[in-house]
Amino acid sequence: MFRILGKEAIAHNVWKYVIAAPDVAKNTQPGQFVVLRLHERGERIPISISDWDGDAGTITLIVQAVGHTTQQLAEMNAGDHILDLLGPLGKPAVIEPVGTVVCIAGGVGTAIIYPEARRHQEVGNRVLTLIGARSREHLFYQEELAAISERVLVATDDGSYGHKGFVTDLLRQLIADGIHLDQVIAVGPIPMMEAVSELTKRHDIKTIVSLNPIMVDGTGMCGACRVRVGDEIKFCCIDGPEFDAHQVDFSSLLRRSQLYERSGASCNSTGNVEEGCGGQCHR
Amino acid sequence: MWWPVSQVDILGKQSTGKKGLERASMPTQPPEERIKNFGEVSLGYSPEIARREAARCLQCRHRPCVKGCPVGIDIPGFVRLIAEGDFAGAAAVIRQDNTLPAICGRVCPQEVQCESLCVLGRKGQPVAIGNLERFAADWERETRGGAAGRTVKVNGKKKGKVAVVGSGPASLTAAAELNRLGYQVTIFEALHTPGGVLAYGIPEFRLPKDILAHEFQQLERQGVELRTNVLIGSTLTVDDLFAQGFQAVFLGTGAGLPNLLGIPGEDLNGVYTANEFLTRVNLMRAYLYPQVDTPLYLGKRVVVIGGGNTAMDAARTAVRLGSKVMVVYRRSRENLPARREEVLHAEEEGVEFRFLTSPTAIRGDEQGWVEAIQCVNMELGEPTENGRQGVKPIAGSEHWLPADSVIVAIGQGPTPIISRTTPGLETGLHGVLKVAPETFMTSREGVFAAGDIITGGATVIKAMGGGKKAAQAIDRYLRNKNSRLINQSMSEG
Ligand SMILES: Cc1cc2nc3c(=O)[nH]c(=O)nc-3n(C[C@H](O)[C@H](O)[C@H](O)COP(=O)(O)OP(=O)(O)OC[C@H]3O[C@@H](n4cnc5c(N)ncnc54)[C@H](O)[C@@H]3O)c2cc1C
Ligand SMILES: Cc1cc2nc3c(=O)[nH]c(=O)nc-3n(C[C@H](O)[C@H](O)[C@H](O)COP(=O)(O)OP(=O)(O)OC[C@H]3O[C@@H](n4cnc5c(N)ncnc54)[C@H](O)[C@@H]3O)c2cc1C
Ligand code: SF4
Ligand code: SF4
Ligand code: FES
């Protein structure tokens, strides 16, 4: 049992949880995630570890309520217990001094990118952060990211904050301004990551994406999370979740993430797009 | 408990043993009933049937059957006690060599192990050793609650702490043996439910989960600690375990990484590995959706690729979810690696088999869902190096079979998590861990391994046999080491 120590609403439909998980907290590195199950009849769902404190034995999760399980989690409060929580899972992100790094987050991807952006800053990289959201009320973590970034630029679909449009517009602008970009990291809805990848491919900028396929066990046992990267099939939970964006087959990823729409379960992996992030930016 | 419904003799042949008795068939749920539920198919012998079957045994002096059992159970010994009506005694005899008889009696491939060497099998049908083993174990559990009938020595002072990683049959056996030898044992399991393949792979209708739960209760009652939700190599590394004071580590992490076909269309929606499909159903109970939160889409026509136990389990599970199922296997019927009973049960349940057929591509509809699978016919060729008959595709025989889902069940290999994060751990072909033959020690001192992680996908009883031997090797290692340490400190002091 994993006790929820604190819960806080940080944006529309987005909650931040601090959870007691001492072993997980001790060994987490940026880019890793947990798989949790709320109760006996619950589903196992993957959530990134967006912060951790090894000494206090706690981890921080940021969860957007999009579907069945995440909505049940939204109804839980400090003092409640999560039945099962496994982690840290996935390969840690490879973070080295490279120069200028652009961190691009769409929607709840902001939670996932934060620990990585922070580590980039710690290793001495210059961090530029671009956040995309549907509207002002969907934005979060701006101050946290501002504290470690040289610049934070925001795009909203409805123009209620920052640039009206998509994060790719902001990235295009950075490139047009002639800033030399050594690396781009994009985390968010699949169409957003694909659009970023296409843009950076044209400009030959190394780009990493953090993928979120459907998962079951998270330990390399079921193959549900398989993604095509280059000529190979990779298991996202043990080979990822981060991959070279220019090698990822996004169309297959998008298709597989729509798995549950047919079975009648409300799936939201693509719905995250609808939940706002600059996701519809296709091109 | 209830008895005969349909008396399906799973071996088909008739035979007589001592006193002119025929092999007692296993009472089963009738096929038309059982395809509508997940209840156990084989219902078990009644005491009368068990005694009658046991009476067929000739009590051979040279005990050929025992050589066929990977853990060397005293088969004539326990069978005789059943014949005499001393069921508790029979269970006790079995327990000397096998800690999980209720499970082995159900899932061992007896026809290639103990029963294959039974002398009665030469002219007719072998003694139903597996069924009898299951009977004795079930009787013990149901009438004595298991542990009550078993005396458990709990040494006040423990010899030391040993970590057991994974909770499949190899780990279960190693933990029980180490505990018996006087060590404080902690099991670390990654999933939320212990049992390994016994929990997430083998379905309820073949191995009821309360039997497994019972075994873990016993272990915990005997003082073994069980920690779920711990992925060794990630949550804690092997080095962390040593740092926490464990003096030896046993790795029984199995072969969970599913193989894929490597054909076009394998990433379409509706293509599952057997592990994903079975995990959703067995571990997550997706068949109860929406009462549980894990969904599963299968569709009307399901094609299962493969011919092992995993393929049979997937096929028969899909039947129970209401699908029409075809098993596609590249070799001939005689080569099916699955237990014979499972194949016969699958056929009774309406599973269709296509032998000498191999998949070449999967096609999807506009939404990216499986629509059909292309197969090619195979012909028998030269024997391969492992002695099996080779097969090769017949040119031009490609054809499409309609399918709404495809389940791939073509074997598993070890997952790389532990070998990636444990410096100095050597792996062999397909990522199995290398161990020294007698000691079961890996290339890392104090780290031992057994079960599928060292053999690749094998059987429950082989994993158990390995787990037990490894536990004994750990005991020898720790006793040696400790006496070395004592000698050292004496000579230094
Ligand atoms: C590595 C990884 C990290 C993630 N990190 C976060 C995070 O930090 N915060 C956050 O809010 N979300 C994160 N997600 C997405 C999160 O897992 C899904 O939102 C969640 O599974 C949806 O479950 P549901 O039951 O609420 O939705 P439903 O739509 O009811 O889900 C139905 C089923 O589809 C699957 N599913 C649906 N959407 C996704 C998705 N996007 N990714 C994977 N599986 C999905 C689930 O298995 C679920 O059982 C991450 C996903 C991955 C793979
Ligand atoms: C569907 C199916 C049906 C089968 N049917 C039969 C049958 O009828 N008869 C038969 O004899 N054999 C059968 N087998 C084969 C048999 O189940 C295996 O050979 C046996 O289970 C191997 O046991 P094991 O203890 O080595 O590993 P497993 O049973 O695979 O258990 C390994 C356990 O370790 C855990 N684990 C893995 N990595 C880690 C880690 N890093 N940290 C913590 N925990 C970890 C896993 O989650 C798992 O629970 C079947 C196999 C399958 C898949
Ligand atoms: S454990 Fe398996 S092989 Fe050994 S006697 Fe029992 S059924 Fe036969
Ligand atoms: S070989 Fe068969 S008949 Fe002989 S002792 Fe073994 S079980 Fe009995
Ligand atoms: S989630 Fe099962 S293999 Fe990755």
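P290(B) lies in the loop between helix 13 (274-283) and strand 9 (301-305) of chain B. Helices (H or I, at least four residues) and strands (E, at least two) are DSSP runs, numbered from the N terminus. The peptide bond that leads from Y289(B) into P290(B) is cis, with omega near 5°. The model is predicted: local features need pLDDT of at least 70 and side-chain atom pairs pLDDT 80 or more, while totals for chains, interfaces and linings use all residues. Residues are numbered from 1 along each chain as its sequence is written, chains are lettered from A and ligands numbered from 1 in the order in which they are written, and side-chain values use heavy atoms, without hydrogens and water.

Chain A also holds a cis peptide bond, between G87(A) and P88(A), with omega about -5°. P88(A) belongs to strand 8 (residues 84-89) of chain A. D204(A), which is not a glycine, has a positive phi of about 55°. D204(A) is found in the loop between helix 6 (190-202) and strand 14 (207-210) of chain A. Most residues other than glycine have a negative phi, and most peptide bonds are trans.

In chain A, five strands form an open sheet in the order 5-6-2-1-7. The pairing is antiparallel; two strands pair if DSSP finds at least two bridges between them. Strand 5 (51-53) and strand 7 (81-82) of chain A stand at the edges. Each has a single partner strand, so one side of each lacks a neighbour in the sheet. Strand 1 (residues 2-11) and strand 2 (residues 14-20) of chain A run antiparallel and are joined by six bridges. K7(A) has Y17(A), in strand 2 of chain A, as its bridge partner.

Between the chains, 45 residues of chain B contact 47 residues of chain A (heavy atoms within 4.5 Å). The buried area is about 3,900 Å², that is, the accessible area (1.4 Å probe) that two parts lose on being put together, summed over both. Carbon and sulfur atoms give 51% of this area. N229(B), D267(B) and D293(B) supply 17% of the area that chain B buries against chain A, more than any other three residues.

Around ligand 3 there are 13 residues, counted if a heavy atom lies within 4 Å. C69(B), C108(B), Q113(B), C114(B) and E133(B) come nearest. By class, this shell has nine nonpolar, three polar and one charged residues. Ala, Val, Leu, Ile, Met, Phe, Trp, Tyr, Cys and Pro count as nonpolar, Asp, Glu, Lys and Arg as charged, and the others, Gly among them, as polar.
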